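Here is a quick tour of a protein model, written for someone who likes to look at helix packing.

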Amino acid sequence: MEIRALLNALEVAEQLKNNTRHSWTSRGRHESVAEHSWRLTLMAYFVKDEYPDLDMDKVIRMCLIHDLGEAFTGDIPAFVKTEEDEERERTLLSDWVDTLPQPFCGEMKALYQEMDAQETDEARLYKALDRMETIIQHNEAPISTWLPLEYEKNLVYGKEQCSFSPYTRELQETVKNDCLEKISRERGKEREE
């Protein structure tokens, strides 16, 4: 990639460091979109041996670019994001991707189409891991950062996306049980007070 095009692309991507998510870290500060994307990508790397028949390089690339649209819109939590919000993010992202030189423009367009269609196991795995990383982060954050609706939502978030493989089903069940234990501990503390 030509140097100026590289620097321009990185300038857009840098916004993911600035844009925070609804999620909090274990030390009680808002998580950035970049931090979520990084750990999601690391998750994909760590589970690669569970999926020897998948193109894990593609899954890792999907994880890496999946939230680039939030460089333009910021993070809008899933429980308040509207179809209008999603369309705006898609349009802004698509307009930006169109400015990238080849082969990146074509590769990213193809990846986003595959991710949106959710018809390949690679796309399904990326989406399942994305949902699970979100709940794992909630489980690591202080429960005081949870909204009341998250006590129930966190138990089922990603269940549908994780249903495509035995490994992701087990991952979702384990993460859900961790969530239940966190809630139980918190309620136990409340009873003691």
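## Ground rules

This is a predicted model, in which local features need pLDDT of at least 70 and side-chain atom pairs count only at pLDDT 80 or more, while totals for chains, interfaces and linings use all residues. Residues are numbered from 1 along each chain as its sequence is written, and side-chain values use heavy atoms, with hydrogens and water left out.

## The whole chain

The protein chain has ten helices and two strands. These elements are DSSP runs numbered from the N terminus, with helices (H or I) of at least four residues and strands (E) of at least two. Read from the N terminus, the order is α-β-β-α-α-α-α-α-α-α-α-α.

How does the radius of gyration sit against a compact globule? For 193 residues such a globule would come out near 16 Å, and the protein chain has 18 Å, which agrees. The radius is taken over C-alpha atoms, and the globule rule is 2.2 Å times the number of residues to the power 0.38. The C-alpha trace spans about 60 × 35 × 30 Å along its principal axes.

Of the 193 residues, 42% count as buried. Buried means under 20% relative accessible area, exposed means over 50%, and partly exposed is in between (1.4 Å probe, protein chains only). Among contacts with a separation of 6 or more, 65% join residues 24 or more positions apart; contact means heavy atoms within 4.5 Å.

## H2 and its two partners

Two packed helices are described by the angle between their axes and the distance between the axes. Here the axes are lines fitted to C-alpha atoms, for helices over the stretch in contact, and angles run from 0 to 180 degrees between N-to-C directions. Angles under 35 degrees count as roughly parallel, over 145 as roughly antiparallel, 65 to 115 as roughly perpendicular and the rest as oblique.

Start with helix H2 (residues 33-46) and helix H7 (residues 121-140), whose axes come within 9 Å and cross at roughly 120°. That makes H2 oblique to H7. The crossing of H2 and H7 is right-handed, which is the label if the near helix is turned clockwise from the far one by less than a right angle, with anticlockwise being left-handed. On the H2 side the contact uses His36, Arg39, Leu40, Met43 and Ala44, and on the H7 side the residues include Tyr126, Leu129, Met132 and Ile136. By class, the H2 and H7 contact has seven nonpolar, three polar and four charged residues. Ala, Val, Leu, Ile, Met, Phe, Trp, Tyr, Cys and Pro count as nonpolar, Asp, Glu, Lys and Arg as charged, and the others, Gly among them, as polar.

Now look at H2 with helix H3 (residues 56-65): their axes come within 8 Å and cross at roughly 170°. H2 and H3 are therefore roughly antiparallel, and their crossing is right-handed. H2 brings Ser37, Leu40, Thr41, Ala44 and Tyr45 to meet Met56, Val59, Ile60, Cys63 and Leu64 of H3. The classes here are eight nonpolar, two polar and no charged residues.

## H3 against H6

The axes of H3 and H6 come within 10 Å and cross at roughly 90°, so these helices are roughly perpendicular.

Met108, in helix H6, counts as buried because its relative accessibility is 11%. Leaving aside residues up to four places away in sequence, Met108 touches Ile65, Leu68, Trp96, Val97 and Leu100.

## Loops and a buried alanine

Which peptide bond is cis? The one from Gln102 to Pro103, with omega near 10°. Pro103 is in the loop between helix H5 (83-99) and helix H6 (104-117). In the loop between H6 and H7 you find Gln118, a residue other than glycine with a positive phi near 55°. Gln118 counts as partly exposed, at 24% relative accessibility.

Finally, Ala128 in helix H7 has 0% relative accessibility and so counts as buried. Beyond residues up to four places away in sequence, Ala128 touches Gln161, Cys162, Phe164 and Thr168.
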